[in-house]
Structures are given as structure tokens and as C-alpha cells.
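Here are some notes to read alongside the model, one topic per point. Have the structure open while you go through them.

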Amino acid sequence: MPQALRRFAPVLALFAISFPLWYLGMTWRGGSGLLDHSPIDQHALQARAWLAGRLDLDRVPPSLEIAHFEGRAFNSFPPTPSLVELPLVAAFGRRTPNGLAMYGFWLAALCAMQHVLQRRGMPPVHAGALALAFVFGTNVYASCVRANVWGWGQGLGFCLAVLGLSRVIDNKGCGWRGPGPGYLLLALAVGCRPFYLFMAPLFVALDGKTGRGDVKLAARDAVLWMAPFGAALAAFNFARFGNPLEFGHNYLAWAQALPGGIFDLRYVGRNLFHATLRLPEWVPGGDPVLAFDPWGTAFWLNNTIFLFALRALVREPLDPWVRATAALALTLTWSGLLLHETNGFRQFGYRFLIDLLPTGFALLALTARRFTPAMAAAFAWSLAVNLYGLATWKEMPRPL
């Protein structure tokens, strides 16, 4: 095999497997083809507004979740996906090929995961299989195969966090070749899903313990590389809502009707049950006959690889600082998600788990040396469940 082809063989293999799976899932989910555009497209609307020189939206389709504040309408979702949509809207108009763009980020994340795993000694085939398990054997596949507003936020956030991890794990470089851009990628992930901020201590620990060996230097770089985009997010929120921490969800109609607000302890019991114990139900004569609850179904049904990450956190040898910061990221993120009123409503499986997967990948990257038969069986099971969901539900599960 020529040297150039050998060098790109892992990428070509990942593409050969992942592209057909993405395309199949996208069409089963109701997509229209290679240039599919999801009509649930608040980020495309936001990008079009920016190109017109305004922060608010010039039109408000009644089918979309839009925040209303002081007589104006705003996109209520964090803006990093809108930045990606900006050149797409400039080139294609509102009907951007955002599904294909989402797949491009998937492929980049897959390549980054394989590279990290190989760098840590895992054989190429094993590394590729584990990388694929984190996309197609998780809710990333079931939830983000079309770039609707939720898929964009969670899918892009997952990819950016994983790409950031690939820059801080085992990186002894400096400047643009060092871990610094990894912190910038994490900041961009925060602009997709704010809970990714809880991964910052883990990034610092990974940088200090697996890379440059200087935690103080890692903490300094985390601030220097993350602060500019963080300040831009705060300024963006302040310009729209007068509050640097407000992205707009509190000004959605359904949110304002909640007596306890979007985040409240009263939701935890219900959400925890759905996230960990809720099973699908057999409905004779139903369509479909196996019904998944849109409030959430036990995460381990279609995110089985995450169980191996939790085991690694508890059982595998890890640097104490890495273990502590990974546990902190998982605890703070999952606690915040369980406080959320919707629990990821209008979902197949439990889509909020996507926000925990990058931390799970970091744990397995540090501890796994091969893709075991148990992992392969878990991947096959979760992939089959996800394919069932994509084939059965076009936009969302039926309420039970």
C-alpha cells in the first residue's frame, strides 16, 4: 500500500462505515437526501439575522421554539451552531445542508477519537471500533442524525468537546501545536451546551497529568484560551436580554408557564426514573408495537458503551486528579440535567446523556487497551436499538 494511502487508511475506513450509517439514519428519520435541511432550524434563522445586521429574528415561524423579550423575538439556544450556519446561510440561503455539515463534524470527532486511542497504544481496528461506538452506539446517532436545533446543539457540542480532548490528552507541545486550542474548542462546546464548562477542570487535569506535567500552566492556558469566547458569549447574552448568563430559554412561552422555572428539584425524581429505569412498552396492535416514552428511556438501552466508562471511573487505575475531575464533571453535569423540566423531551432514548459522553470517552481513552468482546456486544446491541428508533419514529416518539 502506498505510504500516503496507508496514512489515510483509518480515515477512509471510518468514512466507509460512518457515512452509510449516517445517510441511512438521516433518511429513516425523514431527511430528504444528501443536502438535507432540518426545518427545525433556529440556528439558520439566527445566522440569517446576523447577516442582516440584527440580533433578533426578523420572522418567527409558529412551529419553532422562540424566546420573546421586550417585544422582540430571539433564538433561545446558545450560538456556536449559528456560527457554523453563518457561511452555510451565506452560500445556500436558509435551506442549508446542515445535515451533511453535522456529519462532517461526526467524522472529525471519529478521527480524533481514533487518533487518541491509537496514540495511547490501542490497535487501529480496536480504536476505530471504540470511536464508532461513541457515535453510533449512543444517543448521538438517534438524536443528531438530522441537524435540528437540538441535534445541532448536542451533536456539535459533543464533537467540539471530543476534538478538544484530543488536543489536551498526551500533548506536550506549546502554542497552536499544544493543548491551548483544545481549551478553545471546549469554550466553543460551552457555546453549544453550557454544562460543558464543568469539563474545564478535567481538561486541566488531563493537560497537567498526561501532557506537560504542569497543572498551574494548564490552568493558566485554560483561562487564556477560554476567556475570550466566554466573554463574547456573555456580551451576546447581555446585548439581547440584559443578563450575561441568559441565553433565552427563560423567555420561552412554556418556560414562563412553569411555577418553579426550568430547573427545579421537583423534577429530579421523575427524570431520574426515566433516565435510568424506564423501559419501552409492548403495545399490541400499536404503531409502533414497541413504544419508547418521549420523556426518556433508560440510558443503558442505547448508550451501553457509557456503562464501561462508569466502570472505568470506579474500577480502573487513574491519576487521582483525573478521577476526581472526571467525577466532578459527570456529577455536576448530570445533576443539572436531572433538574431540567423537559428531561430532553421529544426524544428516542435519553438524549441528555450526550452531554456526558465526552467525559466517558476520556475515561476509556485513559484505561482501555483494546475493544473487548463485551464492548463489541454492547455496541451491537445499542446500534440495533438506535436503528429501530430511527426506522420507527420520523420526528419524535409517540406519547404513551
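**Notes on the predicted model**

1. Starting with the cysteines: Cys192 counts as buried, at 4% relative accessibility (buried is under 20% relative accessible area, exposed over 50%, partly exposed in between, using a 1.4 Å probe and protein chains only). The cysteine sulfur closest to that of Cys192 sits in Cys159, 9.2 Å away, which is too far for a bond. Cys159 is buried as well, at 0% relative accessibility. For the sulfur of Cys159, the closest cysteine sulfur is the one in Cys144, at 8.0 Å, again too far for a bond. The structure holds 0 disulfides, where a disulfide means a pair of cysteine sulfur atoms within 2.5 Å.

2. A word on provenance. This is a predicted model, where local features need pLDDT of at least 70 and side-chain atom pairs count only at pLDDT 80 or more, while totals for chains, interfaces and linings use all residues. Residues are numbered from 1 along each chain as its sequence is written, and side-chain values use heavy atoms, with hydrogens and water left out.

3. Now the nonpolar cores (sets of buried Ala, Val, Leu, Ile, Met, Phe, Trp, Tyr and Cys residues joined through side-chain atoms within 4.5 Å). The largest one has 98 residues, and Trp106, Phe136 and Phe158 have the most contacts inside it. Helix α4 gives the most to this core, with 11 residues (helices are DSSP runs of H or I with at least four residues, strands are E runs of at least two, and both are numbered from the N terminus). There is also a second, separate core of 10 residues, which includes Ile40, Leu57, Ala73 and Phe77. In soluble globular proteins, nonpolar side chains tend to be buried together.

4. What does Phe158 contact, leaving aside its neighbours within four places in sequence? The list is Met113, Phe134, Val135, Val140, Tyr196, Ile354, Leu357 and Pro358, with contact meaning heavy atoms within 4.5 Å.

5. Helix α2 (residues 42–51) is worth a look: 7 of its 10 residues are buried, so this helix is largely enclosed by the rest of the structure. The buried ones are Gln42, His43, Ala44, Leu45, Gln46, Ala47 and Ala49. They pack against α3 (80–92), α7 (149–168) and α10 (215–241). Just after α2, Gly53 takes a positive phi of about 85°.

6. On to the second largest pocket, with about 180 Å³ of space. A pocket here comes from a 1 Å grid over the protein atoms alone: an open set of points where a 1.4 Å probe fits, with protein on both sides within 12 Å along at least five of seven lines, and lining residues have an atom within 4 Å of a point. Points are joined across faces, edges and corners, and the volume is the space filled by probe spheres set on them. Both α1 (3–28) and α4 (98–119) supply at least two lining residues, and the largest share, 5 residues, comes from α4. The lining consists of Arg7, Phe8, Pro10, Val11, Cys111, Gln114, His115, Gln118 and Arg119. By type, that is 4 nonpolar, 3 polar and 2 charged (nonpolar covers Ala, Val, Leu, Ile, Met, Phe, Trp, Tyr, Cys and Pro; charged covers Asp, Glu, Lys and Arg; the others, Gly among them, are polar).

7. Some backbone angles to check. Most residues other than glycine have a negative phi. Glu70, though not a glycine, has a positive phi of about 50°. Glu70 is found in the loop between β1 (67–69) and β2 (72–74), and is exposed, with a relative accessible area of 71%. Arg346 also has a positive phi, near 65°. Arg346 has its place in the loop between α14 and α15 and is partly exposed, at 43% relative accessibility.

8. Thr359 lies in α15 (residues 357–367) and counts as buried, at 2% relative accessibility. Not counting residues up to four places away in sequence, Thr359 touches Met199, Leu202, Ala326, Ala329 and Leu330. Arg323 lies in α14 (residues 320–338) and is partly exposed, with a relative accessible area of 24%.
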